[in-house]
Amino acid sequence: MSEGSSTDFGFERVSPQDKTRRVRGVFDSVAGNYDLMNDLMSAGAHRLWKRFTLALANLRPGQRALDVAGGTGDLAAGLARQVGARGLVVLTDINASMLERGRDRLIDAGLAASLEYVQANAERLPFPDNVFDCITIGFGLRNVTDKAAALSSMQRALRPGGQLLVLEFSHPTLPGLKTLYDAYSFRVLPLLGRVVARDEASYRYLAESIRMHPDQPTLLGMLQAAGLEGCRFHNLSGGIVAVHRGYKY
Ligand SMILES: C[S@@+](CC[C@H](N)C(=O)[O-])C[C@H]1O[C@@H](n2cnc3c(N)ncnc32)[C@H](O)[C@@H]1O
């Protein structure tokens with residue numbers, strides 16, 4: 001399903017083409033500081049959220065995985081350790097600067113044997129049907145213009161029995177957390193962006209895009225609409241983040 005002739009870029013309404021172009025601009029701008037900012041903004045919690053996602057992936061040596069919107073490659077690194085040198089992990093991202101950083105980091109980590117790199121839009125993944133045992137997308141779906149197209153594209157590339165794992169910011173469910181989280185997102189994040197990365201606008205977009213992202217039940221429905229089965233989600237850190245999981249049968 002297409003998202004129509006206008007879509008959200010943070011709190012703004014823009015054309016779909018404009019969103020794709022502006023998201024590219026954000027990640028061109030943040031690529032150099034991306035890993036440092038992730039650690040600072042989440043106080044290291046993003047590592048735990050990724051570890052939880054990788055525990056759900058639970059791949060066996062020799063299996064094949066795809067990390068979509070994989071950026072600097074944290075999830076791809078964990079997947080590569082699970083599948084070993086006989087397996088395959090494909091790291092994809094729409095943005096050349098992020099993908100280049102990911103490739104350099106994975107080579108430095110000694111994981112090159114099982115990895116391949118493909119610059120691709122999640123909405124139109126250039127892979128045959130039914131190939132991957134597991135597909136992950138970490139903090140990526142929020143940035144994709146046509147999320148339904150991306151979910152269908154990932155469903156298509158999964159092999160029967162394979163699973164999709166969507167790790168993404170979500171909507172706090174703990175009473176009282178939302179007020180605190182809003183203050184942090186709209187005051188502290190842009191300030192951190194300005195002081196550390198000299199880029200306030202990109203970190204304001206981060207806070208706004210999180211608010212605009214579908215909540216847990218809505219995203220669950222989108223996975224089901226894309227043909228995934230056995231769908232469920234796990235809230236992490238009081239719902240600040242959620243991992244949605246669905247299978248292709
Ligand atoms: C917040 S980063 C996440 C990187 C990594 N997965 C992680 O968890 O650290 C989001 C990534 O999504 C990528 N991205 C945005 N739109 C995309 C699209 N339509 N298709 C593929 N990647 C996209 C960006 O280039 C960026 O690298």
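**α7 against α8.** I started with helix α7 (residues 177-196) and helix α8 (residues 200-212), whose axes come within 6 Å and cross at roughly 155°. Axes here are lines fitted to C-alpha atoms, for helices over the stretch in contact, with angles from 0 to 180 degrees between N-to-C directions. Helices are DSSP runs (H or I, at least four residues), numbered from the N terminus. I noted their crossing as right-handed, meaning that the near helix is turned clockwise from the far one by less than a right angle.

Next I listed who touches whom, with contact meaning heavy atoms within 4.5 Å. On the α7 side I found Tyr181, Phe186 and Arg194 among others, and they meet α8 residues including Glu200, Tyr203 and Arg211. The residues of this contact split into eight nonpolar, two polar and six charged. Tyr and Pro are in the nonpolar class, Asp, Glu, Lys and Arg are charged, and Gly is polar.

**Model notes.** I kept in mind that this is a predicted model, where local features need pLDDT of at least 70 and side-chain atom pairs count only at pLDDT 80 or more, while totals for chains, interfaces and linings use all residues. Residues are numbered from 1 along each chain as its sequence is written, and side-chain values use heavy atoms, with hydrogens and water left out.

**α1 against α8.** I then looked at helix α1 (residues 16-30), whose axis comes within 10 Å of that of α8, crossing at roughly 125°. α1 and α8 are therefore oblique to each other, and the crossing is left-handed. Val23, Val26, Ser29 and Val30 of α1 meet Ser202, Tyr203 and Tyr205 of α8.

**α2 against α7.** The axes of helix α2 (residues 34-42) and α7 come within 11 Å and cross at roughly 145°. I have this crossing down as right-handed. From α2, Leu36, Met37, Leu40 and Met41 take part, and from α7, Tyr184, Leu189, Leu192, Gly193 and Val196. That contact divides into eight nonpolar, one polar and no charged.

**Ligand.** I found 19 residues around the ligand, with Tyr34, Asp93, Asn121, Ala122 and Gly138 the closest (a residue is near if one of its heavy atoms lies within 4 Å). For polar contacts I took pairs of N or O atoms within 3.5 Å. A polar side-chain atom of Tyr34 sits 2.8 Å from a ligand oxygen atom. For Asn121, a polar side-chain atom is 2.9 Å from a ligand nitrogen atom. Ile94 uses a polar backbone atom, 3.3 Å from a nitrogen atom of the ligand.

Note on methods:
Helices (H or I, at least four residues) and strands (E, at least two) are DSSP runs, numbered from the N terminus. A polar contact is a pair of N or O atoms within 3.5 Å; within protein, one must be able to donate a hydrogen and the other to accept it, and residues adjacent in sequence count only if both atoms are side-chain atoms. Angles under 35 degrees count as roughly parallel, over 145 as roughly antiparallel, 65 to 115 as roughly perpendicular and the rest as oblique.
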